[in-house]
Amino acid sequence: METALSFFFESFRPPREGVEITMQAFDGKEKDLVPVKRKAELDAKESRFKGLPNSAYDNFVWAVVHKEQMKRLRDERYDVSLTATKDHKSLPVWASVMSESAEVTEALLTRELVDAVQKAGEETFEYLIITDQPIDKPLKLNEAAPRKRLILSLRLPSSTRPSAYSPTLPLFEYFLRLPDLLVSTAHFRPEVTRKIRTTREEESKKLKRAGEGEKAEERRLEAEKKKKGMRDTRLKGLSAEEQRKFLEKEREKGQKKQEKKMSRKA
């Protein structure tokens with residue numbers, strides 16, 4: 001379908017194969033993420049990381065995105081849905097920024113990154129995302145725990161010649177250096193981090209309320225189940241005539257309760 005539409009509408013690019021690369025940042029957790037098998041290796045790892053600077057940086061979601069990808073990303077990715085979309089004078093007209101803060105954008109949208117995006121080109125670049133939030137909307141509190149990743153998505157060139165990949169090399173090299181850049185620059189003013197933290201806290205409160213609602217519903221169902229079990233046990237111990245009277249009384253009680261509900265609605 002997209003191939004056919006691309007012949008008639010300039011806004012539709014013909015489909016091409018793409019690649020999405022994801023890196024997970026250490027974020028100060030080197031000791032936890034680098035596996036070891038023996039105590040000697042553990043001791044060596046401890047000494048190796050001891051003198052290194054802290055690799056942590058602030059939590060946020062930020063992206064440079066091809067405008068054709070914006071709606072799809074916002075619909076399909078929970079993390080990107082937390083951002084606001086704004087054009088930036090430094091970027092080409094076909095690209096935009098998705099950010100939680102203007103200060104984050106000013107720190108991360110470097111001249112080198114802009115040049116690399118422009119060189120990669122409109123037909124190849126799709127998005128670069130820096131995130132600490134999950135892709136899928138969390139349903140439980142533990143699913144919302146920050147996990148920092150960097151994602152680069154590109155459309156592969158239609159040509160198989162090695163030279164066809166040359167325009168994307170600056171962007172790919174920048175992407176590989178990006179974790180070091182974040183460690184050195186992604187530390188923002190308290191006002192900025194407070195705003196970003198507030199967004200996450202509000203989302204966590206929603207999850208907590210939903211979780212409490214689920215637990216209350218589970219307790220209600222369990223109480224009803226227990227009550228029904230006691231009622232059935234009692235009913236089994238009655239004679240036929242006693243069962244008839246019991247069920248008749250139960251039916252009348254149910255009718256009265258229903259009449260009360262109807263009168264309240266009226």
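**Figure 1. Ala63 and its bridge partner in E5.** Ile129 of E5 is the bridge partner of Ala63. The view is taken from a predicted model. Strand E2 (residues 62-66) and E5 run antiparallel and are joined by four bridges. E5 itself is mostly covered, with seven of its seven residues buried.

**Figure 2. Pairing of E5 with E6.** Six bridges pair E5 and E6 in the antiparallel sense. Within this pairing, Phe125 has Leu154 in E6 as its bridge partner. The loop between strand E5 (125-131) and strand E6 (149-155) contains Asp132, a residue shown again in the next view.

**Figure 3. Salt bridge between Asp132 and Arg200.** The side chains of Asp132 and Arg200 meet in a salt bridge, with an N to O distance of 2.7 Å. Because Asp132 lies in the loop between E5 and E6 while Arg200 belongs to helix H9, the pair ties together parts that are 68 residues apart in sequence. Asp132 has a relative accessible area of 0% and is therefore buried. Arg200 has a relative accessibility of 12%, so Arg200 also counts as buried, the cut-off being under 20%.

**Figure 4. Salt bridge between Glu100 and Arg200.** Arg200 also forms a salt bridge with Glu100, and the closest N and O atoms of this pair are 2.8 Å apart. Glu100 sits in the loop between strand E4 (95-99) and helix H6 (102-108), whereas Arg200 is part of helix H9 (residues 190-236). The two residues are 100 residues apart, and their pair links distant parts of the chain. Glu100 and Arg200 are both buried.

**Figure 5. Salt bridge between Arg231 and Asp232.** Arg231 and Asp232 meet through their side chains in a salt bridge at 3.0 Å, N to O. Are these two residues buried or partly exposed? Asp232 has a relative accessible area of 22% and is therefore partly exposed. Arg231, at 26% relative accessibility, likewise counts as partly exposed. Both values fall in the range between the cut-offs for buried, under 20%, and exposed, over 50%.

**Figure 6. Network around Arg231 and Asp232.** A network of salt bridges links Lys228, Arg231, Asp232 and Glu250. In general, side chains of opposite charge can pair when their charged atoms come close. The structure as a whole holds 20 salt bridges, including the pair of Asp132 and Arg200 and the pair of Glu100 and Arg200.

Note on methods:
Residues are numbered from 1 along each chain as its sequence is written. This is a predicted model: local features need pLDDT of at least 70, side-chain atom pairs count only at pLDDT 80 or more; totals for chains, interfaces and linings use all residues. Side-chain values use heavy atoms; hydrogens and water are left out. A salt bridge is a side-chain nitrogen of Lys or Arg within 4 Å of a carboxyl oxygen of Asp or Glu. Buried means under 20% relative accessible area, exposed over 50%, partly exposed in between (1.4 Å probe, protein chains only). Two strands pair if DSSP finds at least two bridges between them.
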